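Please work through the following exercises with the sequence and the model at hand. Each task is followed by a solution in steps.

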Amino acid sequence: MKRGLISIDHALHLISEAAFPSFGNDVVPLDMSVGRVLSRPEFALTSNPPFDNSAMDGYAIDTSSLVGEGPWCLEVKGRVSAGQSLGCDQGGAVRVFTGAPMPSWANAVIMQENVERLGDTICFSARPLPGLNVRRRGEDIRKGDLILSEGLRISPKDVAALAAAGIGEVVVKKPIRVALLVTGDEVQSANHVSSDAHICDVNSPMLRAVISRPSAHITHVTFAEDDRQALAAQIARLSKLVDLIVTTGGLSVGEADFVKPALLDAGGLIYFSGVAIKPGKPVSFGRVGDALWLGLPGNPVAALVTWTIFGEKLFASLAGSHRGTKLRNVVLLDPVQNRGGRCELRLARLGDFDETGREVVTCPAATHSARVAGLIDADGLILIPAETDSIPRGGLVEFLPFAVNN
């Protein structure tokens with residue numbers, strides 16, 4: 001175990017070293033695949049478009065048949081709608097509609113607005129160029145093209161590309177099985193607070209909401225007693241049933257903080273305990289048997305902050321995903337101060353853009369670990385480096401948005 005407080009970067013590195021995707025695969029229909037992580041690359045099974053077709057309602061012609069200067073008049077020899085296949089004699093013109101297959105001899109489509117039709121004849125005066133209003137076979141996707149790489153979390157826009165490539169089902173990673181273990185004898189469900197000495201459970205509904213996604217299933221939500229032996233037994237049991245145990249609270253060094261001793265009693269290892277951040281300093285990470293363990297602080301804001309920083313990284317590593325939430329630079333509307341010594345993670349709200357087009361954020365003077373009302377207006381976190389005492393109005397800071405699960 002790394003003793004003492006470590007940096008965010010060091011903690012993320014230790015998580016990357018310890019977490020590997022190894023949970024097997026599922027085959028799922030394309031319309032059930034959003035949010036899942038691809039286990040293999042997907043290549044196009046068909047071209048898109050699969051055949052040359054008309055991009056407009058109009059008339060298909062062969063431009064090489066237009067002799068001399070216009071206007072030209074051509075006989076209409078057929079009609080083809082989308083989804084129809086109709087052979088037509090070469091020459092003249094064919095009435096076509098958007099998406100209809102092009103006659104094999106035609107190489108352009110004149111929009112219906114640009115012709116004058118007289119009975120079975122069309123006349124026009126502007127010479128069309130070859131390829132006008134024609135969608136060529138494979139101009140978007142060619143059969144055999146790489147559509148998505150292994151490790152990508154599938155989004156709705158990815159589904160469109162996969163469907164166009166003729167892919168109806170995909171091979172994805174099995175969901176990560178997660179157990180949520182809430183510590184603290186004082187914590188009770190909001191519907192069952194029985195005395196003035198108890199508080200509403202915030203962490204389990206909050207973390208269930210933020211953790212739940214297609215690529216992860218919360219299989220157990222358990223309240224733990226403030227008893228070292230009982231807690232060790234719970235951790236040992238859960239380690240045989242899930243891939244990740246997430247605990248909240250019980251990480252400090254008080255007489256009733258039993259999570260780390262209980263984890264060791266259950267045969268676990270601790271990779272780090274404490275990160276130089278505010279809030280969330282006690283956050284810890286380790287392993288019990290085949291299950292990884294992420295210990296979050298008990299105060300709800302600190303729990304959400306540390307999940308956003310470390311939990312999302314852990315999930316990405318376990319799922320083998322290359323697509324995740326990324327830091328971006330934003331501009332401070334007001335100056336901020338930092339006592340230094342630890343990286344401060346402050347709740348922030350996105351605003352408008354400044355006169356140069358840069359995104360602006362506002363944030364409170366401090367982030368309080370137990371005050372959840374401020375979460376309502378927060379879009380994410382800004383990171384104030386440990387070595388920075390202050391940042392002026394208009395200064396650039398890194399912004400990490402809260403994850404939106406899918």
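**Exercise 1: Strands and their sheet**

Task: Identify the bridge partner of Val80 in strand 6, and describe the sheet of six strands.

Solution. Val80 has Val96 as its bridge partner in strand 6. Strands here are DSSP runs (E, at least two residues), and helices are runs of H or I with at least four residues, numbered from the N terminus. This is a predicted model, in which local features need pLDDT of at least 70, side-chain atom pairs count only at pLDDT 80 or more, and totals for chains, interfaces and linings use all residues. Residues are numbered from 1 along each chain as its sequence is written, and side-chain values use heavy atoms, with hydrogens and water left out.

Next, strand 5 (residues 72-80) and strand 6 (residues 93-96) pair in the parallel sense over three bridges; pairing requires at least two DSSP bridges between two strands. The open sheet has the order 7-4-6-5-9-8, with mixed pairing. Strand 7 (108-111) and strand 8 (116-118) are at the edges with a single partner strand each, so one side of each has no neighbour in the sheet.

**Exercise 2: A loop residue**

Task: Determine where Asp31 is placed and whether Asp31 is buried or exposed.

Solution. Asp31 lies in the loop between strand 1 (25-29) and strand 2 (42-43). Its relative accessible area is 66%. Buried means under 20%, exposed over 50%, and partly exposed in between (1.4 Å probe, protein chains only); Asp31 is therefore exposed. Finally, the C-alpha atoms of Asp31 and Pro156 are separated by 9.1 Å, although these residues are 125 residues apart along the chain.
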